[in-house]
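Work through the exercises below with the sequence and the coordinates at hand. Each task is followed by a stepwise solution.

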Amino acid sequence: VRNGVAYSAANVKIGAAHGGISVGKDGPTHQSMEDVGVIRPIVNFTVIVPCDYHETYKTTKWSARHEGPVFFRMGREKVPVITTKDTPFEPGKAILMEDGPDGTIIACGLMVAQALEAAEILRGRGIRPRVLNMHTIKPLDHEAVLAAARDTGAIVTAEEHSRYGGLGSAVAEVLIESDHRVPMKIVAINDRYLESGPPEDLLIMAGLTPQNVADALEGALRKGRK
């Protein structure tokens, strides 16, 4: 991929299946937890992790028109449909799913739906977070990240990927070079392999539930207040 596609900026599109751990019963040999981290550093690639059917359709159509290497990730299981055919989609631009002043959850893929459920949990605790669908990991929407840090005071990233090299790493890279020193937590798969089982059980095992996301943001906000 690096030498045959990226080095020559070949007009190649990679639609990768089995993204994340939610392939479930296929087991750890088929659960791709590292793909975004492997592709993201490669020059010339656009990297997209769509959240549902409509966003995957738009990604596929855009990729066909775009000149240059594109990697986009698809899972195998059904996921909630949380966008519509009319939801704006522009690679490199995050989508504001919900707005609020109390921290920001930045998510991609199936974790966008988990982030929206986490926001509902947090509203029950009197916390109103912003939720961003960061479908494009590269190029990342720097403006959206910096605005979230400036306006909401804490950031949590949520991804069905290893905590190394994915969305959380990309967001942290932006924050560390900015003037905004805000607490940040990464909700992702820790340095481990999962096992074969129902997707919902694996998400619980990996700590990728709405409750995990909600607790992470509440902890980041508490740290910021201190």
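Buried means under 20% relative accessible area, exposed over 50%, and partly exposed in between, with a 1.4 Å probe and protein chains only. This is a predicted model: local features need pLDDT of at least 70, side-chain atom pairs count only at pLDDT 80 or more, and totals for chains, interfaces and linings use all residues. Residues are numbered from 1 along each chain as its sequence is written, and side-chain values use heavy atoms, with hydrogens and water left out.

**Exercise 1. Backbone exceptions**

Solution. 
Step 1. Helices (H or I, at least four residues) and strands (E, at least two) are DSSP runs, numbered from the N terminus. On that numbering, His18 belongs to the loop between β1 and α2.
Step 2. Ala9 sits in the loop between α1 (2-6) and β1 (13-16), and with a relative accessible area of 37% it is partly exposed.
Step 3. One further backbone feature is the cis peptide bond between Lys138 and Pro139, with omega at about 0°. Pro139 is placed in the loop between β7 and α5.

**Exercise 2. The surroundings of Arg73**

Task: Find which side chain forms a salt bridge with Arg73, and which backbone oxygen lies 2.8 Å from a polar atom of its side chain.

Solution. 
Step 1. Arg73 is in strand β3 and is buried, at a relative accessible area of 7%.
Step 2. Apply the salt-bridge rule: a side-chain nitrogen of Lys or Arg within 4 Å of a carboxyl oxygen of Asp or Glu. Arg73 pairs with Asp35 at 2.8 Å, N to O.
Step 3. The two residues are 38 places apart in the chain, Asp35 being in helix α2 (residues 35-39). Asp35 is buried as well, at 10%.
Step 4. The backbone oxygen of Glu160 is 2.8 Å from a polar atom of the Arg73 side chain.
Step 5. Contact means heavy atoms within 4.5 Å. Beyond four places in sequence, the contacts of Arg73 include Ala16, Ser32, Ile48, Pro50 and His161.

**Exercise 3. A salt-bridge network**

Task: Which residues are linked with Asp99 in a network of salt bridges?

Solution. 
Step 1. Nine salt bridges are counted under the rule of Exercise 2.
Step 2. One of the pairs is Asp99 with Arg130, whose closest N and O atoms are 2.9 Å apart. Asp99 is in the loop between β4 and β5 and Arg130 in strand β6 (residues 130-133), so this pair ties together parts 31 residues apart in sequence.
Step 3. Another is Arg150 with Asp151, at 3.1 Å between the closest N and O atoms.
Step 4. Asp99, Arg130, Arg150 and Asp151 are linked in a network.
Step 5. Compare the accessibilities. Arg130 is buried at 12%, Arg150 is exposed at 54%, and Asp151 is partly exposed at 38%.

**Exercise 4. A surface patch**

Task: Which residues form a nonpolar patch with Val81 on the surface?

Solution. 
Step 1. Patches are made of residues with over 30% relative accessible area and no salt bridge; like charges are joined within 9 Å, nonpolar side chains (Val, Leu, Ile, Met, Phe, Trp, Tyr) within 5 Å.
Step 2. Val81 is in the loop between β3 (70-73) and β4 (95-98), and is exposed at 51%.
Step 3. Tyr53 and Tyr57 complete the patch with Val81, and the accessible area together is about 350 Å². Areas come from the Shrake-Rupley method with a 1.4 Å probe; for residues, only the protein chains shown count as cover.

Technical notes
A polar contact is a pair of N or O atoms within 3.5 Å; within protein, one must be able to donate a hydrogen and the other to accept it, and residues adjacent in sequence count only if both atoms are side-chain atoms.
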